[in-house]
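Hi,

Here is the model I promised to pass along.

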Amino acid sequence: MLSYGIFFLILVGIYGVLVLGLNLQWGYAGMFNIGVGAFFAVGAYASAIVTTPLTSDHLGGFGLPFWVGFLTALAAAGSIAFLIGLITLKLRSDYLAIATIGIAEIISQILKNEGWLTNGVRGITRIPRPFRGWIPGQDTLLYLGLVLLILLVVYWGSERAYRSPWGRVLRAIREDEPATLAAGKSVLKFRLQAFVLGSMVMGLAGALYAHFVNFISPEAFQPEFATFIVWVMLIAGGSGNNRGSLLGALVIWGVWSGSELLTNRLPAQWTTRAGPLRILLIGILLQVILLTRSQGLLPERPPKPILSASMGQRQDLSHNQDPAG
Amino acid sequence: MTSLLQLLIYGLVLGSIYALGAIGVSLTFGILRFANFAHGDLMTLGAYFGLSFVSLGWPIGVSLIPAALATVLCAVVIDQLIYRRLRREAPVILLISSFGTALILRSLVQIIWGPNNQVYRSSLQLPWRFWGLRLKPDWAVILLGTALLVVALHFFLQRTRVGKAMRAMADNFDLAKVTGIDTESIILWTWAIGAILACAAGMFLGMDTRLHPTMGWRLLLPIFAATILGGIGRPYGAIAGGLVIGVAEELSTLVISPAYKTAVAFAILVLMLIIRPTGLFGGRA
């Protein structure tokens, strides 16, 4: 029971990192990325390739420490996002969505077909779990600690970013792009930064996932589990709100795991249909949220403009000069 | 030379399927102003409705009619249940919702018809042979069927009041609204036209290959690429776009692995976005 709880929390933590990454893109800057799963996969594979022990099955076998893997994941996801962003971010929002779906499709084909790189559909095995054997038998507990630490750092960074002049410009772009442009901000630059940063966070989540499950294959990055559910988490929790993002990850992962308990009780001839039934449930949940409470459980609450709030908070005045522009 | 011609012919077959899908996406994009991510799965649903009638022993051509009606009914019900209530929201909210609808449709197909590959007809079709070319009779049916549907669409758009209103709305939504066009009823017509063509495209794809719950989802990228290539809100552009993407994908197999056909559609899409974002036929940017 305890180990189930740890397992559950690690996955909630990994999804929490993913949702925070998506929130940077959609919640802050209004950029629609349907390729979450692609950046997640790129991070997972990048970290796996540099950290696995010697093998002839696929590229890699460098046996490097996990943190090198994490940095590789950040770099790989970030550079792909940079290229996509350069092409699509000056166009209207739907095009980014369509372009990210293309990238997701191409990356999933690469994962399946480039055996020398990814070992194809057989996947990559023996991905090392950090801290193995430090405290005998407590690997997963230590790993939970690492996941929570990274989640906390990403959360803290996102919160800081939200309140910073940088975050304010992103929100301004989201709400009124022409006005922001008129105010002399380089809209494209800010968008690109948020898109790359968000994708890097998704890549990091991918690395966390790979080192947790120790085995990855293209199957694990299907859009249903790696993109769709992340979107539902963000919408349900409240886009633009980091605490909402984390709450969404917890609640939706709870519903998703709970639905498994439910479908396990179905008669035997239904068990093959349990998977789609659960996805159907999440899909309907998304529609209900969009129709009834589109701001999510915790709606966004932007900080008050500094001018009206500055009476009692002198030190805040220094933030008023906007170094970001 | 023969192999080039062979690829060209198959490219046109595939392009016809893309074109039928792209017309629906282009019309809904132009009139409802959102990228409908559920369109591919509407094609899947249409193909499976067709399967149900084919397995009753009906010929495929006859099955198309009730299957198309069932698909229209589903599209209209989805619109009335979900999209209608979201029309005041930003288009991107509709886009998210359509992403959810796509998943709902796909899981329903899996629940009702099962997750495995299925076929309309298990018997082998002998190809016709001309000058070293191999042509499947099904391809002729697909090309002819597409041509018929496109001609019917042309007359609908040019000759009927509804068709003209539809073109006006795709051209300039606000102007169409102030001239007194009943936008809600035109929206329903748009879904109906899109769904009929989606069902036909799904059934054609099922005839050419086989049926699978993700068959339509996989077509989404080439269909969007065709829509943008032709110009959003331009049904004739969508036809041209579909054929270009289909032929380009097939010809690309001469130089790259067929697994990366998707990348060709993506590359054309990206090039188009950089060079001419309004599309060949000057739709909306």
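So, how many residues does the contact take from chain B and from chain A? Counting heavy atoms within 4.5 Å as contact, there are 46 from chain B and 42 from chain A.

Before the rest, some housekeeping: this is a predicted model, where local features need pLDDT of at least 70 and side-chain atom pairs pLDDT 80 or more, while totals for chains, interfaces and linings use all residues. Residues are numbered from 1 along each chain as written, chains are lettered from A and ligands numbered from 1 in the order written, and side-chain values use heavy atoms, with hydrogens and water left out.

Together the two chains bury about 3,800 Å², 77% of it on carbon and sulfur atoms (accessible area lost on being put together, 1.4 Å probe, summed over both). On chain B's side, Ile96(B), Ile111(B) and Tyr260(B) supply 17% of the area buried against chain A, more than any other three residues.

The rule finds two salt bridges between chain B and chain A (Lys or Arg side-chain nitrogen within 4 Å of an Asp or Glu carboxyl oxygen). One of them joins Glu105(A) to Arg218(B) at 2.8 Å, N to O.

As for elements (helices are DSSP runs of H or I, at least four residues, numbered from the N terminus), α3 (60-86), α4 (91-113), α9 (220-230) and α11 (261-275) of chain B each give two or more residues to the side touching chain A. α4(B) gives the most, with 16 residues.

Cheers
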